[in-house]
Amino acid sequence: MASSHIAIRVLLVLSAVCAAAPEAFDITKLGATGDGKTDSTKAVMDAWTSACAATGGSTLLVPKGDYLVGPLGFTGPCKGPITVQVDGNLLGSNDLAKYNASWIEVTRVDNIVITGTGTLDGQGTAVYSKDCKAMPNTLVLYYVNTATVSGIKLLNSKFFHINIDKSKDITVKDVTITAPGDVENTDGVHVGDSSNVTITNSTIGTGDDCVSVGSGTAGVTVTGITCGPGQGISVGCLGRYKDEKDVSDVTVRDCVLKGTTNGVRIKSYEDAESVITASHLTFENIRMEDVANPIIIDQYYCPEKVCPGKKSSTSHVVVKDVVFRNITGTSSTPEAVSLLCSENQPCSGVELIDVKVEYAGKNNKTMAVCTNAKGFAKGSIEALACLA
């Protein structure tokens with residue numbers, strides 16, 4: 001009798017283990033060819049369809065090899081958690097007529113992990129010179145809850161490398177993002193209309209912002225980023241479109257910026273379309289290495305150069321409760337601090353604490369420019385303590 005009970009227990013345990021084992025869907029077994037030339041889009045989408053329909057968890061496997069693919073729509077909801085294991089390289093097609101939006105778009109999926117040792121190669125270098133306003137992002141998380149992107153490399157996106165939109169509980173960690181330093185709109189990670197997002201322990205060098213945080217976003221933590229080349233780490237642009245929402249509780253800490261054209265920056269359009277507030281923004285423990293414009297608040301941002309004019313009184317973006325703490329290193333421009341706030345919407349609650357960034361050149365001296373910025377400075381070098 002005892003032996004029969006033991007046998008039953010063993011069978012139950014084995015059944016539970018077998019039931020818990022996730023199904024794996026290898027794209028090569030569904031027709032993908034890893035020669036970098038054969039279109040493997042259908043095989044990847046067939047693998048996604050099967051993985052999404054599987055209960056109890058599943059894995060979409062991209063083994064070693066180079067797989068040419070067009071747009072991939074990973075759409076849910078799915079019946080269980082999914083891991084996309086990228087150990088090979090996915091190459092984005094340069095046939096731009098195939099794209100309606102982004103290259104790899106994860107939509108309405110909960111509990112997804114995208115990981116591996118492989119690369120998402122947008123192959124953007126072949127199309128950067130083309131006059132096309134709407135290029136595809138490499139990886140988009142849209143209405144996604146609880147996701148992790150880790151370990152992978154993202155290379156030469158045609159537009160943003162990672163775009164997190166209308167999502168929550170997202171972690172991006174241990175990724176490497178690379179694009180030419182002279183190509184704009186190749187942001188490393190952009191976050192918009194999302195909450196509880198962590199971007200950590202990653203190396204990002206592109207032609208635009210390493211990390212950018214857009215409107216409607218709350219609870220973003222950016223840590224352990226090595227940034228450069230690029231345009232730095234930014235909150236904004238804010239106010240470009242109507243019906244934008246507030247930004248709050250953004251923390252950037254323990255980062256190193258190398259040779260970027262900006263450091264840490266808050267930017268809003270001077271002719272902003274929306275009435276919004278950016279508040280509770282903290283930048284701390286950041287090392288600047290030969291960075292231009294290391295600390296910036298710019299409420300007169302106007303990249304298109306078609307704006308009412310500097311110091312217009314039309315700003316609708318409120319910037320308040322901003323802390324710059326323990327920011328050190330060297331600036332490639334004399335102006336190490338630029339706080340350019342609007343006359344009708346002055347920045348308030350700005351703190352410069354232990355800011356010790358010095359101009360590395362010899363033809364000028366370290367300086368700060370503060371306009372309509374209210375707050376206080378403590379422990380910072382005297383030349384940068386310009387707050388009223």
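Predicted model: local features only at pLDDT ≥ 70, side-chain atom pairs only at ≥ 80, totals over all residues.

Colleague: What makes C52 and C78 a disulfide?

Modeller: The criterion is a pair of cysteine sulfur atoms within 2.5 Å. The sulfur atoms of C52 and C78 are 2.0 Å apart, so the pair qualifies. The count by this rule comes to 4 disulfides.

Colleague: Why is the disulfide of C52 and C78 called left-handed?

Modeller: The torsion about its S-S bond is about -100°, and the disulfide is therefore left-handed.

Colleague: Where in the chain do C52 and C78 lie?

Modeller: C52 belongs to helix 2 (residues 41–53), while C78 sits in the loop between strand 5 (72–75) and strand 6 (82–86). The two cysteines are 26 residues apart, and the pair links distant parts of the chain.

Colleague: How do you know that C52 is buried?

Modeller: Buried means under 20% relative accessible area. C52 has 10% relative accessibility, so it counts as buried.

Colleague: Which residues does C78 touch, beyond those up to four places away in sequence?

Modeller: C78 touches W48, C52 and V109.

Colleague: What makes C210 and C227 a disulfide, and is the link left-handed or right-handed?

Modeller: Their sulfur atoms are 2.1 Å apart, and the limit is 2.5 Å, so C210 and C227 are joined. The angle about the S-S bond is 85°, and the link is right-handed. C210 lies in the loop between strand 18 (195–205) and strand 19 (211–213), and C227 in strand 20 (residues 218–227), 17 residues apart. C210 is buried at a relative accessible area of 0%, and C227 likewise counts as buried at 0%.

Colleague: How do you know that C341 and C347 form a disulfide?

Modeller: A separation of 1.9 Å between their sulfur atoms falls within 2.5 Å, so the pair meets the criterion. The torsion about the S-S bond of C341 and C347 is about -100°, so this disulfide is left-handed. C341 is buried, with a relative accessible area of 0%, and C347 counts as buried at 0% relative accessibility.

Colleague: Why is C237 called partly exposed?

Modeller: Its relative accessibility is 25%, whereas buried means under 20% and exposed over 50%, so C237 falls in between.

Colleague: Why is T115 called buried?

Modeller: T115 has a relative accessible area of 18%, and the limit is under 20%, so T115 is buried. T115 lies in strand 9 (residues 110–115). Leaving aside neighbours within four places in sequence, its contacts include T83, V84, S150 and I152.

Colleague: What describes the interface between domain 1 and domain 2?

Modeller: Domain 1 covers 19–208 and domain 2 covers 226–387. Their C-alpha centres lie 32 Å apart. In contact are 9 residues of domain 1 and 7 residues of domain 2. The area buried between domain 1 and domain 2 is about 570 Å², with carbon and sulfur atoms giving 37%. Between domain 1 and domain 2 there are 0 salt bridges and 7 residue pairs in polar contact.

Note on methods. Residues numbered from 1 in each chain as written. Heavy atoms only, no water. Helix = DSSP H or I, 4+ residues; strand = E, 2+ residues; numbered from the N terminus. Buried < 20%, exposed > 50% of the residue type's maximum accessible area, 1.4 Å probe, protein only. Contact = heavy atoms within 4.5 Å. Domains from an automatic or database assignment. Buried area = accessible area lost by both parts, 1.4 Å probe. Salt bridge = Lys/Arg side-chain N within 4 Å of Asp/Glu carboxyl O. Polar contact = N/O pair within 3.5 Å; in protein donor to acceptor, adjacent residues only side chain to side chain.
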